[in-house]
Amino acid sequence: MEAKEKTREEVMAEREARKKAKQAKKKPKTQNDLVNDVKNSSKTDSIMKMSAPDGSVESSAPTVNSKCTSGSESRKSTVDFVQKKQSPSSKIDSAKPNPIPKAVTDCATPGIPLNIKFLHDAPIVNDQIDGCILKERQAFSGVCQQDINLLSKEMKKASLHYIEGLETAPKPAITSSKTVVQVSPPVSSKPLESSGEPTKSKAELKAERRAKQEAQRAAKAVSKAAPVKTAPAKASPKPVEMKPAKSAIKRPTAKSDSEAKSKSVTFAGSSTKQASQNKIKLFSHLYREKSINYKSILNSIDLHPAVVGLGVQYSNRVIVGSNARCVALLYVLKQMLSDYKTPAEKEFSRGFEAKLEPAVNYLNQCRPVSVSMTNALKHIKWHLTQLPNNITDAEARLKMSHVITTYIKEQIEVAGEAISLFVRKKIANGDVILTFGCSSLVERILKEAHEAGVDFSVVIIDSAPWFEGKEMLRRLVKAKIPCTYVLISAASFIMKQASKVLLGAHALLANGCVMSRSGTAMVALLANTANVPVLVCCETHKFSERVQTDAFVYNELGDPNELVSTASPLNGWESNNFLVPLSLVYDVTPPDLVTAVVTELAILPCTSVPVVLRIKPTESSA
């Protein structure tokens, strides 16, 4: 039988059908198209057959078009069949889930970990429940209810065991990968007995902890005070034992705590206690322990006898003044050089520098080293490092002695002469020059100006505790210069008569502040208020790289007994715990109160200090 030939129109129609089929495969179907395909297929094919009463279910695969094989469509067809076959009583309303506990605490007793997966965690698809998921949920609800009943029984047993005082309670074996809620066992208000001993309450435990802390603090205080003897061990505080009472529990009071502190540590000597009381906390970093044993120092090999004598003079204020202390130190270094012999297998520079270190430490113990002394020592050490290795001891002594002599001449004597020439031009006939305390440089300026024939008078302001202005008055009167002597309390009245103010300086800091004897800042402030120019006379070897804005960060403390005279009612202040005299040696004058600083280089503003400090190392190296 011959096949019938297709016409041209039929071939074209087949091609168009194939194109449409390809386009239909590429184009994604909508949800409505998929649902319609599933309904059409369910009408023509059998989907599921329910078996006999043994409970087994035989399911046949639904005959679905190859274009509708996704999981969502098969799940939809299953839902439709279940709704048709089930009786009305077996239908489950998704809006009314099975009754479950509202929270974990509704079915749990504190103390037992609990972790339950609730029914509402089951997935829901298209607001309907699948047949398989429905059965799982029904089966799980029964298991969950059994677990809850078992849990409540076990928790009742656990609570009974806990009340009876057993150490451990049985826990139900309920484990899960989700979160575990742990609740601490309830704290009973009544004391429970375990192994025959009464259980301590919260207040008793707190009191015991506090007593232990006080004992530890007392032990630390004893260990910190090294020279202080401690009381015997029986004085240590014992932990407070308090009996529990049903009605009320007494708590330790502040009085009992203070008594425990006082009984814990007792000091053997009253001197250390008195010394700690007579200190101001704000200036506690400035206090120095003066524990110098001169007998052991005299027998020491490291210290030269001249260094020991110089330290005694410093501590007793026999040598005072920045320039005087620096010159005395340099002359002692000359004596050390003349007596020094280089040890075997050592260089002169390294050996002498090792001898300098204990000497400087000793002098610093006697009295803090001044800025002029520090700069002089830097200069000497720098020249020590420049000595050649093959130099003999005699040549090294001669060279270093020449360095010290040159430093005294150039940095102190010649510098003072140059400053005197600069200031002399600023003093005119009839001027009233006001000065404070005693400065060797200011004394030299006034004497040379008087010898040059300038007619002027001097007002000397003085203050406690050392009254250095009296020595200044004695020297100027000996030179036949008319003087007036007043205390600092009358400075505001006498300032109106002054035409210029000349002040000395202990050091000039890098930020332009002037560090001088205590009271200088007050005099400069009064002069600034009265529009009187203030000239500070200071050599460049007193310039310091340190920056300081007040007198509290770094200072020197004097003897507080020097502030109190024997006839003063403040005599015997050591016995008064509420009175502590404070004697600050130096104060800091801000650069705004200083008109100019007169140096051997020129008359400069205070802000030129960093420039001078930058130039000086090049001069010393040259």
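Reader: In what order do the seven strands of the open sheet stand?

Author: In this predicted model, seven strands form an open sheet with mixed pairing. Read across the sheet, the order is β7-β6-β5-β8-β11-β13-β14.

Reader: Which strands stand at the edges of the sheet, and why is one side of each left without a neighbour?

Author: A strand at an edge has a single partner strand, so one side of it is left without a neighbour in the sheet. This applies to the strand of residues 483-487 and to the strand of residues 603-604. These edge strands are β7 and β14.

Reader: In which sense do β5 and β8 pair, and which residue of β8 is the bridge partner of isoleucine 433?

Author: Three bridges connect β5 and β8, and the sense of this pairing is parallel. In β8, the bridge partner of isoleucine 433 is lysine 500.

Reader: Which residue of β11 stands opposite leucine 502?

Author: β8 is also joined to β11 by three bridges, and these two strands run parallel. The residue of β11 that stands opposite leucine 502 is leucine 535.

Reader: Are the residues on the two faces of β8 buried or exposed?

Author: A residue counts as buried when its relative accessible area is under 20%. On one side of β8 are Lys500 and Leu502, and on the other are Val501 and Leu503. Both faces are covered, and these four residues are all buried.

Reader: At about what angle to β8 does helix α17 run?

Author: Helix α17 comprises residues 520-529. This helix lies across β5 (431-436), β8 (500-503) and β11 (534-537). Its angle to β8 is about 160°.

Reader: Which residues of helix α9 are buried, and which residue with a positive phi follows the helix?

Author: Helix α9 spans residues 305-315, and its buried residues are Ala306, Val307, Val308, Leu310, Gly311 and Tyr314. After α9 comes a residue whose phi is positive, near 60°. That residue is arginine 317.

Reader: How many helices and strands does the protein have, and what percentage of its residues count as buried?

Author: The secondary structure of the protein comes to 18 helices and 14 strands. The protein has 622 residues, and the share that counts as buried is 33%.

Reader: What percentage of the accessible surface belongs to carbon and sulfur atoms?

Author: The accessible surface of the protein comes to about 39900 Å². Of this surface, the share that belongs to carbon and sulfur atoms is 55%.

Notes. Residues are numbered from 1 along each chain as its sequence is written. This is a predicted model: local features need pLDDT of at least 70, side-chain atom pairs count only at pLDDT 80 or more; totals for chains, interfaces and linings use all residues. Side-chain values use heavy atoms; hydrogens and water are left out. Two strands pair if DSSP finds at least two bridges between them. Contact means heavy atoms within 4.5 Å. Axes are lines fitted to C-alpha atoms, for helices over the stretch in contact, and angles run from 0 to 180 degrees between N-to-C directions. Buried means under 20% relative accessible area, exposed over 50%, partly exposed in between (1.4 Å probe, protein chains only). Accessible areas come from the Shrake-Rupley method with a 1.4 Å probe; for residues, only the protein chains shown count as cover.
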